[in-house]
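Hi there,

Here is the structure I promised to pass on. Have a look at it first, and then read on for what turned up in it.

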Protein chains: 2
Amino acid sequence: MVKQCKPILWYLFVTNGLSMLLKSQVKYIQSLGHKKFRDTEQVFVAEGPKLTGELLQAKNIRPLQVYALQEWVDKNLAAVERKDVFELHIVREQELSRISFLTKPNQVLGLFKKPSFPPIQLEHRISLALDGIQDPGNLGTLVRIADWFAIEQIICSEETADLFNPKVVQSSMGSLARVQVLHKDLKRFFSEHAKPPVYGMLLQGTALQSMGKIEEGIILVGNESKGISEELLPFVKHRVTIPRLGHAESLNAAVATGIVLSHIIST
Amino acid sequence: MVKQCKPILWYLFVTNGLSMLLKSQVKYIQSLGHKKFRDTEQVFVAEGPKLTGELLQAKNIRPLQVYALQEWVDKNLAAVERKDVFELHIVREQELSRISFLTKPNQVLGLFKKPSFPPIQLEHRISLALDGIQDPGNLGTLVRIADWFAIEQIICSEETADLFNPKVVQSSMGSLARVQVLHKDLKRFFSEHAKPPVYGMLLQGTALQSMGKIEEGIILVGNESKGISEELLPFVKHRVTIPRLGHAESLNAAVATGIVLSHIIST
């Protein structure tokens, strides 16, 4: 173990006890809206008292900077100090809206180092694989569903949205600290090693209700409109279908995943 | 049966065979972004070839005006003529983007009369009741879920989003022609008549998997963050819970509804 130096907690009181944001700070935070910059920095943005509060508790996520209104700081200073936040900036609402990615900025914005996880482990457990989920809200919802059902790993195709896109972060909530999300070339991933069986969610297959519970497997979820891509179908060992009783053409990918998991995982 | 006069199909070719939109037309369509105006006119907007195509097939929805690019008209003129559309406007892309509610206008925009349905019928079937679903995307997804599971009626509290909000229309897709969505004061609605039993989706209740199938009931879905409101709890006869195996604080309301329906409806 390397001994970590305790970083200094900065309170930047410039005018009336409030921090004025420098142009360079604003630009840095705005750049975190871009995946390329997030990848280089290994940093992401999370906002709002609930999410920021949860991430300040998470063991595997290091908070770097917090920009917050005085009212938030009054209630949360202890949590900030406990987590060794490098910088705390007390800002006015108008400053917060300069850096916020939300339509309605919500008290606090934090910059966090991406979470660290142990190497993935697919045996004796259920994991998810996402083949091109492109809507950020859908990905965030899927991460929460995984967390609800105690699934710890999601392997995404390279076309799947980025977990640290501010919209995904907001919709996955604290679950992003507990569920490991990796991006891989799925074809290569499936062909490289012997893996637990792949269960593909398809419109034609075994009715979900007639499947038993499973203890091990990878549940493969297709793209919102195109489903599972041709090149991945050969890896699907079991085709699973949610029987359609009415006329809707499709179910939302996250909804379908929630339904499948609720049937195949032993509770 | 009153004999209906066949309306005249207008092709407005002004310049180069294309229709120039008048300011008043643009303003009328934009006003349909407001609930009040939609309610007065009983008209809503739907966009894109897939959704417009589906609504042009629906028996209980009358199309009024279609604004489309030439390429869409070339493929769909027969459908437009068959449905007695009052006005067909062939427009350029830049005209379409003046009236579209989408970030990326998609070939065609239609104005439709709201669908008509027979009086609601709650006995011997399963219906949904939504207590304050505020996100338009969630409402649209719930309408599709209902349609998938052959649920024909959704009773919404007055705080629930409007079905004909352009975002809800786009996310519910053709399902809005098949599922009847009413807005009511839910407290009064539940107290007025004897009704099938109400099943409330709550964090504490009977585990979903230990419930049997049901043939009749109203599934009550709570607001995204506050759940079922205090004043409606007395009407809940059965409390249903999706067991949480991991740590997510909550499931998305639409996902939870899909899970519950997949377990309690006989397939």
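This is a predicted model: local features need pLDDT of at least 70, side-chain atom pairs count only at pLDDT 80 or more; totals for chains, interfaces and linings use all residues.

Two strands count as paired if DSSP finds at least two bridges between them. Strand β3 (residues 63-68) of chain A and strand β4 (residues 87-90) of chain A run parallel and are joined by four bridges. Within this pair, A:Val66 stands opposite A:Leu88 of β4(A). To get from β3(A) to β4(A), the chain passes through helix α4 (residues 70-82) of chain A, and this β-α-β crossover is right-handed.

Next, the domains. Chain A is divided into domain 1 (10-113) and domain 2 (126-264), and the centres of these two domains of chain A, taken over C-alpha atoms, are 32 Å apart. Where they touch, 14 residues of domain 1 of chain A are in contact with nine residues of domain 2 of chain A. On the domain 1 side, α2 (35-41), β2 (43-47) and α3 (49-57) of chain A each supply at least two residues, with the largest share, four residues, coming from β2(A). That side of domain 1 is made up of eight nonpolar, two polar and four charged residues.

Chain A also has an open sheet of six strands, in the order β8-β7-β6-β10-β9-β11, with parallel pairing. At its edges stand β8 (180-184) and β11 (236-241) of chain A, each with a single partner strand, so one side of each has no neighbour in the sheet. From one strand to the next, the twist averages 35 degrees. Inside the sheet, three bridges join β6 (residues 126-130) to β7 (residues 153-157) of chain A, and A:Leu130 stands opposite A:Cys156 in β7(A). Two helices pack on this sheet: α6(A) touches β6, β7 and β8 of chain A, its direction making about 170 degrees with that of β6(A), while α9(A) touches β9 (198-207), β10 (217-221) and β11 of chain A.

How are the two copies related? A rotation of 180 degrees with 0.0 Å of shift along its axis superposes chain A on chain B (RMSD 0.0 Å), so they are related as by a two-fold rotation axis. The copies meet through the same surface, because 100% of the interface residues of chain A are also interface residues in chain B.

Best wishes

Note on methods: Residues are numbered from 1 along each chain as its sequence is written. Chains are lettered from A and ligands numbered from 1 in the order in which they are written. A crossover is right-handed if, with the strands pointing away from the viewer, the path from the first strand over the helix to the second runs clockwise. Domain bounds come from an automatic or database domain assignment. Two residues are in contact if their C-beta atoms, placed from the backbone, lie within 7 Å. Ala, Val, Leu, Ile, Met, Phe, Trp, Tyr, Cys and Pro count as nonpolar, Asp, Glu, Lys and Arg as charged, and the others, Gly among them, as polar. Copies are superposed by least squares on the C-alpha atoms of residues with pLDDT of at least 70 in both. Axes are lines fitted to C-alpha atoms, for helices over the stretch in contact, and angles run from 0 to 180 degrees between N-to-C directions.
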